[in-house]
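Hi,

Here is the structure I promised to pass on. Please have a look, then read my notes below.

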Amino acid sequence: MSSHGFELPLRLLLAFRMLIDELHAELARQGHPDIRPMHGFVMQAIGPAGTTAVELGRTLGVSKQAAGKTIDTLERIGYVERTTDAQDTRRKIVRLTPYGMDALNRSARIFDTLRAHWAGELGEDRLNALEADLRTMTPGNPWRLDTPGWFGNL
């Protein structure tokens, strides 16, 4: 069966979308109904050490203002907090709250469950081969968090 070239990126995007939609449905069941797909990129970029709005924007490939708006939203729904940098009181650091860390920890476990489902459907060997092939065809570091900025460039 021959496929058109456009089908590969569409299928990869559909697979990503399915996994993310399933993740968020399960996160909602587990007490995180307000978290959105973009929030995952942001919370990963903030990380356990925290960051500033400027650094966050740079990592995500968006403006400081766009990063600030997302921080405002995440702060309002309880996932992040702003604190003052102990070394420089003019600097504001954004940190994950325990609720934010809980969401990331649950996400990791849910992704493991989703992967196990795929392995059950495709077979562990085929899924391992698919992952190996994707590693061959993509850059070594899978932690590129600039997708929000890349997608937003029209």
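The notes below cover helix packing, salt bridges and a surface patch. Keep in mind that this is a predicted model.

Helix packing first. The axes of α3 (residues 53-60) and α4 (residues 64-76) come within 8 Å and cross at roughly 105°. That makes α3 roughly perpendicular to α4, because angles of 65 to 115 degrees fall in that class. On the α3 side, Ala53, Val54, Leu56 and Gly57 make the contact.

Next, the salt bridges. There are 11 in the structure.

- Glu7 and Arg11: 3.0 Å apart. Both sit in helix α1, 4 residues apart, about one turn of the helix. Glu7 is partly exposed, at 24% relative accessibility.
- Arg90 and Asp88: 3.1 Å apart. Arg90 is exposed at 73%, while Asp88 is partly exposed at 22%.
- Arg115 and Glu131: 2.8 Å apart. Arg115 lies in α5 (residues 98-122) and Glu131 in α6, so this pair ties together parts that are 16 residues apart in sequence. Arg115 is partly exposed at 27%, and so is Glu131 at 23%.

There is also a network: Glu55, Asp85 and Arg91 are joined by salt bridges that share partners.

Last, the surface. Leu8, Leu12, Leu122, Leu130 and Leu134 form a nonpolar patch there, with about 400 Å² of accessible area together. Helices α1 (7-29) and α6 (124-137) each give two or more residues to the patch. Leu8 belongs to α1. Its relative accessible area is 57%, so Leu8 counts as exposed.

Best wishes

Terms used
Residues numbered from 1 in each chain as written. Predicted model: local features only at pLDDT ≥ 70, side-chain atom pairs only at ≥ 80, totals over all residues. Heavy atoms only, no water. Patch = residues over 30% accessible without salt bridge, like charges linked within 9 Å, V, L, I, M, F, W, Y side chains within 5 Å. Areas by Shrake-Rupley, 256 points an atom, 1.4 Å probe, with all protein chains shown as cover. Salt bridge = Lys/Arg side-chain N within 4 Å of Asp/Glu carboxyl O. Buried < 20%, exposed > 50% of the residue type's maximum accessible area, 1.4 Å probe, protein only. Axes fitted to C-alpha atoms, helices over the stretch in contact; angles between N-to-C directions. Parallel < 35°, antiparallel > 145°, perpendicular 65-115°, else oblique. Contact = heavy atoms within 4.5 Å.
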